[in-house]
Amino acid sequence: MRILFLGDIVGRSGRDGVTARLPELRRQLSLDLVIVNAENASHGFGLSPGIARDLMGCGVDVITLGNHAWDRRDLIGEIDGMPAVVRPLNFPPGTPGQGSTVVTLADGRKALVVNVMGRLFMDPLDDPFRLTLELLARHRLGVTVQAAVVDVHAEASSEKWALGHVLDGKVSLVVGTHTHTPTADHRILKAGTAFQSDAGMCGDYDSVIGMQKEAAVARFVRKMPGERLQPAEGEATVCGLMVETDDVTGLARKVAPLRQGGMLSGAMPDF
């Protein structure tokens with residue numbers, strides 16, 4: 001299975017970059033499954049149902065979220081009817097939505113997509129390690145699902161690395177989101193799981209993690225509250241990574257970063 005994962009979409013710049021490039025990427029890379037983190041897609045904070053539908057209309061199969069999941073209140077009332085939108089699994093019981101979804105491809109193959117949130121320097125949610133392992137006990141990689149992807153929305157690289165090692169051999173890909181900065185540690189772990197600490201963002205990198213730099217810098221310099229942060233509006237770099245899995249084992253065979261447009265150096269998978 002050929003899977004593309006794109007990091008946090010930030011504002012209109014990120015949305016425009018993804019919607020403009022994704023149809024051609026699907027064709028050029030012969031993609032079977034596209035997953036994006038879109039918790040910052042609606043003006044930099046949260047995700048509206050309308051924008052979720054727009055993203056799925058341009059070729060996105062699954063949308064993951066994170067700590068800004070409920071910044072747009074209109075999503076709360078609709079997320080139960082949007083199985084392709086996945087919020088963190090370790091939110092408290094009774095939270096609207098679902099922490100995972102199983103996608104069935106046109107050829108009948110199935111892929112599990114899971115979203116969890118880290119706890120270091122983040123909200124004190126339930127244990128992402130325990131809950132992910134409990135979920136995976138109900139989905140056998142290479143048997144009930146042909147691929148499994150875990151989006152770890154977390155601040156600390158150490159927590160992402162630790163979860164990657166715990167899940168090594170149990171899922172196809174563990175990939176981090178949230179820091180909006182692409183890391184250079186993409187690799188296949190010893191037991192066959194692809195890993196990258198952070199996929200980066202789809203947004204304008206002439207910014208402070210996707211936000212207009214003047215107001216963001218002023219908060220650090222003056223240490224006083226200021227105007228509400230606004231997404232930067234320059235050309236986006238579309239950032240993520242691609243993984244190719246083995247349908248028999250569900251494990252990764254190849255992994256490579258993808259960066260297109262904007263001001264970051266380009267990278268394109270060559271498999």
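Two strands are taken to pair if DSSP finds at least two bridges between them. On that basis, the predicted model contains an open sheet of six strands in the order β6-β7-β8-β9-β11-β10, with mixed pairing. The edges are formed by β6 (100-104) and β10 (187-188); each has a single partner strand, so one side of each is left without a neighbour in the sheet. Strand β10 pairs with β11 (residues 194-196) in the antiparallel sense, over two bridges. Within this pairing, R187 stands opposite F195 in β11.

| Helix | Strands crossed | Angle |

A pair of aromatic rings is described by the distance of the centres and the angle of the planes. The model has two aromatic pairs. One of them joins W161 and F195 in an edge-to-face arrangement, at 6.4 Å centre to centre and with 85° between the planes. This pair links distant parts of the chain, since W161 belongs to helix α5 and F195 to strand β11, 34 residues apart.

W161, at 38% relative accessibility, counts as partly exposed.

W161 also takes part in a contact with a charge: the charged end of R187 sits over its ring, 4.5 Å from the centre. Elsewhere, R228 lies over the face of F45, at 4.4 Å from the ring centre.

Methods
Residues are numbered from 1 along each chain as its sequence is written. This is a predicted model: local features need pLDDT of at least 70, side-chain atom pairs count only at pLDDT 80 or more; totals for chains, interfaces and linings use all residues. Side-chain values use heavy atoms; hydrogens and water are left out. Helices (H or I, at least four residues) and strands (E, at least two) are DSSP runs, numbered from the N terminus. Rings of Phe, Tyr and Trp (its six-membered ring) pair if their centres lie within 6.5 Å; planes under 30 degrees apart count as stacked, over 60 as edge-to-face and the rest as tilted. Buried means under 20% relative accessible area, exposed over 50%, partly exposed in between (1.4 Å probe, protein chains only). A charge sits over a ring if NZ of Lys or CZ of Arg is within 6 Å of the ring centre and within 35 degrees of the ring normal.
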